[in-house]
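I opened a new notebook page for this structure.

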Amino acid sequence: MAYAFGKSAFWEESYKKGDYADYEWYISGDTLLTELQEYLPHKKVSILMLGCGTSALSQQLYTAGFHNIVNIDISQTCIDQMQKLQPHMTWQVMDVLDLQFVDGSFDVVIDKATSDVFYATKKKQRAHGLQRVQRMFAESHRVLKKEKKKSLQPAGDTVSQMAGVFIQITRHAPARYSSAYCAVGWDNLRIKWVPSAKAYGGRCYFVAAAGSPADSDAANSLQVRETNDDHSTAKRVRLEDTEQVSDDDTDSDDTSFAESDSESCTSNSSSS
């Protein structure tokens with residue numbers, strides 16, 4: 001089933017049958033809105049919602065005063081349904097692997113479970129899934145604004161040098177995606193555990209990703225700040241030193257960044 005999630009035909013058929021009507025992946029928009037606030041410092045911030053589905057998050061952002069939102073999904077049926085329900089917003093059929101926007105179009109790109117759609121936990125499918133995730137990340141990086149803006153800099157954390165920011169909400173420990181982050185130049189991560197009744201282990205991960213200034217370690221390491229209700233830690237994680245995730249079909253390894261899958265991307269790191 002997980003592998004079918006990455007196929008457009010699956011979603012088109014599912015939305016036609018109403019399988020995902022009003023469905024929220026992992027956490028509600030109300031909870032997520034609280035986490036997003038510091039990355040949305042003014043009401044005119046431009047937002048791209050990847051794989052929007054039928055989530056209420058966009059409408060909740062709109063109600064909160066953020067009207068510059070573009071929602072995209074691979075399913076024509078989904079977009080038609082949402083356009084009818086919420087005609088005041090922009091809805092477009094689009095593949096997240098081939099974004100039809102010019103470079104530097106958005107301040108914030110939000111991925112709520114879309115990258116997880118491509119990630120397959122079975123060993124024989126993992127490499128292909130990560131390739132698609134990396135392509136999605138590269139396209140997201142391309143359409144994010146590159147100039148630094150003080151208004152988009154959360155004070156006191158490891159994402160202080162960011163311009164546009166990529167927000168990922170994932171059920172997997174973010175280390176599983178480390179090679180994809182690194183390959184597009186997102187070597188500066190801020191990670192927070194968020195309670196989730198729908199995700200494995202009762203939590204999902206809120207990740208803010210951005211590039212940092214040129215650094216000799218940037219090609220093969222990530223600066224990470226992990227936060228939960230009890231503590232916050234900052235560290236630089238060298239990709240070649242992290243442990244390899246097991247090849248079973250479970251997510252029992254989803255604990256902290258350095259305890260999950262990472263691949264060295266020394267040879268293919270890029271900031272373009």
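First, a cut-off I need: a residue is buried under 20% relative accessible area, exposed over 50%, and partly exposed in between. I also note that the model is predicted.

Entry: Arg132. I found Arg132 in helix α6. Is Arg132 buried, exposed or partly exposed? Its relative accessibility is 23%, so I filed Arg132 as partly exposed. I then checked Arg132 against Val96, 36 residues away along the chain. Their C-alpha atoms are separated by 9.6 Å.

Entry: the nonpolar cores. I looked up the largest nonpolar core and found 33 residues in it. Those with the most contacts inside it are Leu48, Leu50, Ile72, Phe101, Phe137 and Phe166. Several elements give two or more residues to this core, among them β1 (47–50), β2 (69–73) and α6 (123–143). Which element gives the most? I found that α6 does, with 5 residues. Apart from this core lies another, of 31 residues, including Val45, Leu61, Cys78 and Ile167.

Entry: Ile72. I left aside neighbours within four places in sequence. Among the residues in contact with Ile72 are Leu48, Leu50, Met94, Val96 and Phe101.

Entry: helix α2. I went through residues 29–36 and found Gly29, Leu32, Leu33, Glu35 and Leu36 buried. Why are they on the same side of α2? They cover an arc of only 160 degrees around the axis, which puts them there. Asp30 and Thr34, on the other side of α2, are exposed.

Definitions and conventions: Residues are numbered from 1 along each chain as its sequence is written. This is a predicted model: local features need pLDDT of at least 70, side-chain atom pairs count only at pLDDT 80 or more; totals for chains, interfaces and linings use all residues. Side-chain values use heavy atoms; hydrogens and water are left out. A nonpolar core is a set of buried Ala, Val, Leu, Ile, Met, Phe, Trp, Tyr and Cys residues joined through side-chain atoms within 4.5 Å. Buried means under 20% relative accessible area, exposed over 50%, partly exposed in between (1.4 Å probe, protein chains only). Helices (H or I, at least four residues) and strands (E, at least two) are DSSP runs, numbered from the N terminus. Contact means heavy atoms within 4.5 Å. The arc is that of the directions from the helix axis to the C-beta atoms.
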